[in-house]
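Here are my notes for your first read of this model. Keep the structure open and follow the points in order.

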Amino acid sequence: MERNMGYCASLTHKYLFLHFGDLLPNHGISNKIQAQCTALESEGLDVALTHVHRNEKKDWEFYIDDDIIGRKKKSNVNLFNVFYCYPHFFSYIRKNRIKGIYWRWGCMTPGQFILLALLRILGCRVIMEIPTFPYDNEWKYEQHDWIANFPRRCDSILRHLWRFFIYRIVTFSEDRYIYGVPCINISNGYNPKRIRHKEISSI
């Protein structure tokens, strides 16, 4: 699908699915995220999906669905992940007066926490999905690589402040509260329309 540069000023989305990674073809997590948006839309919600892509020049591109809303020149990946607060997404949310945010957690860095605080100021209701909880055991720290581990260490501190900024946490666990935030407990599902049927010839 062709990707167009612009703000899509004619569109007004009431809900935004915040994903800070790339969307890759035939990728499990990417397919799941897109299926979640389809499920939300099937319930009558107007949902837009964000994602971040690095082009062939290693520049960062910021998308709302298939439209680029901003770019940032190439920079150190680790520093970007820690400190960048996604002003293009914040500007889009503010200009379009979006109040409903579905945030797919990846790692709560200082930059993302700043964005979370700004959304609180705007009066946005943030629902955060944590795909796996608890998740600390999934991270294998390499003591010699302090910079690479820094985002994870930030998360271990900032997550204790979520209760002041997040309305609900969506989790596949049975927890009632996660770091002081009430939970919405769900289970995994699938979209049958995306399943290819295998043709079996008759004998």
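1. Which right-handed unit do E6, helix H4 and E7 make? E6, helix H4 (residues 110–122) and E7 make a right-handed β-α-β unit. Right-handed is judged with the strands pointing away from the viewer: the path from the first strand over the helix to the second runs clockwise. Helices (H or I, at least four residues) and strands (E, at least two) are DSSP runs, numbered from the N terminus.

2. Some ground rules. This is a predicted model, in which local features need pLDDT of at least 70 and side-chain atom pairs count only at pLDDT 80 or more, while totals for chains, interfaces and linings use all residues. Residues are numbered from 1 along each chain as its sequence is written, and side-chain values use heavy atoms, with hydrogens and water left out.

3. Strand E6 spans residues 100–104. Five of its five residues are buried, where buried means under 20% relative accessible area, exposed over 50%, and partly exposed in between (1.4 Å probe, protein chains only). In a regular strand the side chains alternate between the two faces of the sheet. In E6, Gly-100, Tyr-102 and Arg-104 point one way. Ile-101 and Trp-103 point the other way, and all of these residues are buried.

4. Now look at the neighbours of E6. Two strands pair if DSSP finds at least two bridges between them. Strand E2 (residues 15–18) runs parallel to E6, joined by four bridges. Leu-18 stands opposite Trp-103. Strand E7 (residues 125–130) also pairs with E6 in the parallel sense, over five bridges. There, Arg-104 stands opposite Glu-129.

5. Strand E4 covers residues 60–64. Five of its five residues are buried. Which residues cover each side of E4? Trp-60, Phe-62 and Ile-64 lie on one side, and Glu-61 and Tyr-63 on the other.

6. E4 has two antiparallel partners to check. Strand E3 (residues 47–54) pairs with E4 over five bridges in the antiparallel sense. Arg-54 has Trp-60 as its bridge partner. Five residues lie between the strands of this hairpin, and Lys-58 takes a positive phi near 70 degrees. Strand E5 (residues 67–72) is antiparallel to E4, again with five bridges. Ile-64 has Asp-67 as its bridge partner. The hairpin of E4 and E5 has two residues between the strands, and Asp-65 in the turn has a positive phi of about 55 degrees.

7. Next, the aromatic rings. Rings of Phe, Tyr and Trp (its six-membered ring) pair if their centres lie within 6.5 Å; planes under 30 degrees apart count as stacked, over 60 as edge-to-face and the rest as tilted. The structure holds 18 aromatic pairs. One of them is Phe-62 with Phe-89, edge-to-face, at 5.9 Å centre to centre and 85 degrees between the planes. This pair links distant parts of the chain: Phe-62 sits in E4 and Phe-89 in helix H3 (residues 87–95), 27 residues apart. Phe-62 is buried at 0% relative accessible area. Phe-89 is buried too, at 0%. Tyr-84 and Tyr-86 have ring centres 5.5 Å apart and planes at 80 degrees, so this pair is edge-to-face.

8. Where do these rings belong? Phe-20, Trp-60, Phe-62, Phe-80, Tyr-84, Tyr-86, Phe-89 and Trp-103 form one aromatic cluster. Select them together in your viewer.

9. Now the salt bridges. A salt bridge is a side-chain nitrogen of Lys or Arg within 4 Å of a carboxyl oxygen of Asp or Glu. How many salt bridges does a search of the whole structure find? It finds four. In one of them, Lys-32 joins Glu-129, with the closest N and O atoms 3.9 Å apart. Lys-32 lies in helix H1 (residues 28–42) and Glu-129 in strand E7, so the pair ties together parts 97 residues apart in sequence. Lys-32 is partly exposed at 24%, whereas Glu-129 is buried at 0%. Lys-32, Arg-104 and Glu-129 are linked in a network of salt bridges.

10. Glu-61 forms a salt bridge with Arg-71, the closest N and O atoms being 3.3 Å apart. Glu-61 is in E4 and Arg-71 in E5, so parts ten residues apart in sequence are tied together. Glu-61 is buried at 7%, while Arg-71 is partly exposed at 45%.
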